[in-house]
Structures are given as structure tokens and as C-alpha cells.
Amino acid sequence: PYIRLARFAKGRSVVEEGERGHCFYLIYKGGVEVLKNGWDKPVARLGSGQFFGEMSLLFNQPRSATVRTTKPALLFRLHCADFNKILRKNPAMGRAIRRIAEVRRKELAQH
């Protein structure tokens, strides 16, 4: 698997709602907010040890929200092909990530 550490300044968009997903992100340091068009407040705020970008990859759909840094951030970025390889080799991890993605998808559908 090929994972890279990417540095993002405060206020920078990491992914944009509607774009095609290419990567999964794990927050090493810093924080992000998840923003949905038409919502008056952030969907979520995520910090170190949390992840995003899985929904687009798992469900083969465009990004469901924009993710923007709330402070300088270091994010591990894993390309889609490597993400899928890891999930195939680690079924328990894949099930756990899929459960979280399903919960997130339901939360977004409630609005």
C-alpha cells in the first residue's frame, strides 16, 4: 500500500462535495469540518485519529460533502486502489469502516 502524508494549511478544502473520490484520508494532526451544501452548520468536526473520504470509495459515488481544515493539518492520504487492497486483506477493518460509512450516510440522508 502506498500512503502519503500531506500537509494542509488552515481553511483549505481537502475534498469538494460532488467531485469524484480518489483517496481516503486519516487525520494524523489537526482538524477538519465536514460541510454540506444547503446546511447552516457543519455536519461534523473531526480530529486526530479520525478519517473521511470512505463513503465515496465504498459506495462508488461522488463526494457527499466538502471537507475543510479548521487548523493546520497533517493527513495520511491513501489512494483508492490501495484502500481497496487493505480492505480486502483486512476484512474486519473493512466491516468496521463500512459500518461507520453507513451511519454517516444515514445522517446525511436525514436532512
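Me: What volume does the largest pocket have?
Reply: Keep in mind that this is a predicted model. The lining takes in 18 residues, and those closest to the centre include Val-34, Met-55 and Arg-104. The volume of the largest pocket is about 280 Å³.

Me: Which elements give two or more residues to the lining of the largest pocket?
Reply: By class, ten lining residues are nonpolar, four are polar and four are charged. Phe-52 and Ser-64 are also among the residues closest to the centre. The elements that give two or more are strand 4 (44-47), helix 1 (54-59) and helix 3 (91-109).

Me: Over how many bridges do strand 3 and strand 6 pair?
Reply: Strand 3 spans residues 23-35 and strand 6 spans residues 66-79. The sense is antiparallel, and the number of bridges is eleven.

Me: Which residue in strand 4 is the bridge partner of Val-32?
Reply: Strand 3 is also joined to strand 4, antiparallel, by four bridges. In strand 4, the partner of Val-32 is Leu-46.

Me: Which residue in strand 5 stands opposite Leu-26?
Reply: Strand 5 covers residues 51-52. It pairs with strand 3 in the antiparallel sense, over two bridges. Opposite Leu-26 stands Phe-51.

Me: Which element gives the most residues to the largest nonpolar core?
Reply: This core has 15 residues, and Val-14, Tyr-25, Phe-52 and Leu-75 have the most contacts inside it. Strand 1 (3-8), strand 2 (13-15), strand 3 and strand 6 each give two or more residues. The most, five residues, come from strand 3.

Me: How many residues does the second, separate core have?
Reply: Nonpolar side chains tend to be buried together in soluble globular proteins. Here a second core stands separate and includes Phe-51, Leu-78, Leu-87 and Ile-97. Its number of residues is 13.

Me: Which residues does Leu-75 touch, not counting those up to four places away in sequence?
Reply: Leu-75 is one of the residues with the most contacts inside the largest core. It touches Arg-4, Leu-5, Ala-6, Phe-8, Val-14, Tyr-25, Leu-26, Ile-27, Tyr-28 and Phe-52.

Me: How far apart in space are Cys-23 and Asn-37, C-alpha to C-alpha?
Reply: In sequence, 14 residues separate Cys-23 and Asn-37. In space, the C-alpha to C-alpha distance is 21 Å.

Me: How far apart in space are Ala-44 and Arg-104, C-alpha to C-alpha?
Reply: Ala-44 belongs to strand 4. With a relative accessible area of 27%, Ala-44 is partly exposed. Leaving aside neighbours within four places, Ala-44 contacts Val-32, Glu-33 and Val-34. Arg-104 is 60 residues away in sequence, but in space the distance is 9.8 Å.

Me: What is phi of Asn-60 near?
Reply: Asn-60 lies in the loop between helix 1 and strand 6. At 73% relative accessibility, Asn-60 counts as exposed. Most residues other than glycine have a negative phi. Asn-60 has a positive one, near 50°.

Note on methods: Residues are numbered from 1 along each chain as its sequence is written. This is a predicted model: local features need pLDDT of at least 70, side-chain atom pairs count only at pLDDT 80 or more; totals for chains, interfaces and linings use all residues. Side-chain values use heavy atoms; hydrogens and water are left out. On a 1 Å grid over the protein atoms alone, a cavity is a set of points where a 1.4 Å probe fits but cannot get out, and a pocket is an open set with protein on both sides within 12 Å along at least five of seven lines; lining residues have an atom within 4 Å of a point. Grid points are joined across faces, edges and corners, and a volume is the space filled by probe spheres set on the points. Ala, Val, Leu, Ile, Met, Phe, Trp, Tyr, Cys and Pro count as nonpolar, Asp, Glu, Lys and Arg as charged, and the others, Gly among them, as polar. Two strands pair if DSSP finds at least two bridges between them. A nonpolar core is a set of buried Ala, Val, Leu, Ile, Met, Phe, Trp, Tyr and Cys residues joined through side-chain atoms within 4.5 Å. Buried means under 20% relative accessible area, exposed over 50%, partly exposed in between (1.4 Å probe, protein chains only). Contact means heavy atoms within 4.5 Å.
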